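Dear colleague,

I am passing on the structure below, and my notes on it follow. Please read them with the coordinates open beside you.

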Amino acid sequence: MTTSTATSTGRIAAAFLGELENEAKVTRTVLERVPADKFDYKPHEKSMTFGRLASHIAEMFGWTKETLKSDVLDFSAMDYKPFEPTSTEELLAFFDDHIAKAKAILAETSDETFMTDWTMRNGEQVYFTMPKVAVMRSFVMNHIIHHRGQLSVYLRLNDIPVPAMYGPSADEGAM
Amino acid sequence: MTIGQTFARDLENESKSGRAMLERIPAETFDWQPHERSMSMKRLAGLVADMYGWFQFIVDEPELDFAKGYEQPDPKTTEDLLTWLDKKLAVGLKSLSEAPDERFEDEWKLRRGDEVFMTTTKGEMCRQTFGHLAHHRGQLSVYLRLKDIPVPQIYGPSADEGSM
């Protein structure tokens with residue numbers, strides 16, 4: 001299902017573009033540091049592996065498309081294949097591609113589109129319906145930041161320096 | 001709805017998973033840290049609880065100056081953590097809900113005396129604080145997992161709870 005045709009960049013999209021730019025920069029710094037020989041590492045048997053968590057963060061930027069170009073995400077109609085990178089370069093190329101696509105989609109999204117409803121469901125079962133602007137804010141952006149926060153602990157546990165994010169880390173940046 | 005009321009609604013939503021995590025943290029784990037360079041459980045959990053209140057000084061004050069001192073949470077029990085969260089969330093929600101839209105265009109500074117770390121608008125600082133909060137709450141979810149405390153649903157199911 002697709003929504004109304006593309007228009008010029010709205011004010012909401014412009015704000016998200018600025019934010020995406022910042023978040024992408026920080027996220028890339030984090031992903032760059034995930035070594036391929038640690039992709040299988042996990043801190044606990046119930047945790048995601050380092051590689052899965054990193055590629056999940058990269059793919060989530062791509063959810064901009066599902067959020068802004070559709071009105072519904074139905075798990076029962078999806079054929080989801082998790083991306084499994086074999087090198088850090090592959091992970092970064094996948095990430096860069098998703099960022100470029102997300103920016104292009106935002107650039108053609110009107111304020112009106114952001115105010116239309118979006119539903120997540122699994123067939124008959126509806127999880128939530130919210131305006132697209134709230135889905136972008138919470139389900140996409142904050143959700144990415146949440147997993148990136150988790151990834152920062154994985155870095156620390158592997159003695160990989162944690163970059164400064166919102167302020168200095170114990171390894172980098174100063175105040 | 002004003003801009004502040006929209007932020008307040010989002011903050012209330014984002015506080016549910018924060019609360020669900022904090023109420024599961026037993027005081028005997030407070031001194032634990034996953035790595036010698038990491039924050040302790042108490043410090044990270046206290047920070048998450050405290051951040052819900054940051055909206056008060058972002059919205060109502062022109063700046064935060066570390067040189068003037070800042071009252072850090074020092075919980076002794078799980079109850080203390082939740083009390084801090086409730087107090088901070090209440091002041092954060094109040095400031096956000098009462099602020100007129102123009103307020104979010106005002107300048108805001110983070111400084112230590114003469115040294116200014118950041119100058120931005122109140123609106124931008126609010127948005128950034130939501131991200132910052134999700135960041136530390138995400139870290140806290142790994143701490144829970146490492147201490148075998150069930151991780152609640154946050155944006156979707158965890159390996160312990162919720163289903164889709």
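From the N terminus on, chain A runs α-α-α-β-α-α-β-β-α, where helices (H or I, at least four residues) and strands (E, at least two) are DSSP runs numbered from the N terminus. The radius of gyration of chain A, taken over C-alpha atoms, is 17 Å, close to the 16 Å that the globule rule (2.2 Å times the number of residues to the power 0.38) gives for 175 residues, so chain A is as compact as a globular protein of that length.

This is a predicted model, in which local features need pLDDT of at least 70 and side-chain atom pairs count only at pLDDT 80 or more, while totals for chains, interfaces and linings use all residues. Residues are numbered from 1 along each chain as its sequence is written, and chains are lettered from A and ligands numbered from 1 in the order in which they are written.

The contact between the chains (C-beta atoms, placed from the backbone, within 7 Å) takes 26 residues from chain A and 26 residues from chain B. On the chain A side, helix α6 (residues 132-157) gives the most, with 14 residues.

Within chain B, helix α1 (residues 3-22) and helix α5 (residues 122-146) pack at about 10 degrees, with their axes, which are lines fitted to C-alpha atoms over the stretch in contact, 11 Å apart. The helices α1(B) and α5(B) are therefore roughly parallel (an angle under 35 degrees) to each other. Among the residues that meet there are Phe7(B) and Met21(B) in α1(B), and Phe130(B) and Leu140(B) in α5(B).

Best regards

How values were computed:
Two residues are in contact if their C-beta atoms, placed from the backbone, lie within 7 Å. Axes are lines fitted to C-alpha atoms, for helices over the stretch in contact, and angles run from 0 to 180 degrees between N-to-C directions. Angles under 35 degrees count as roughly parallel, over 145 as roughly antiparallel, 65 to 115 as roughly perpendicular and the rest as oblique.
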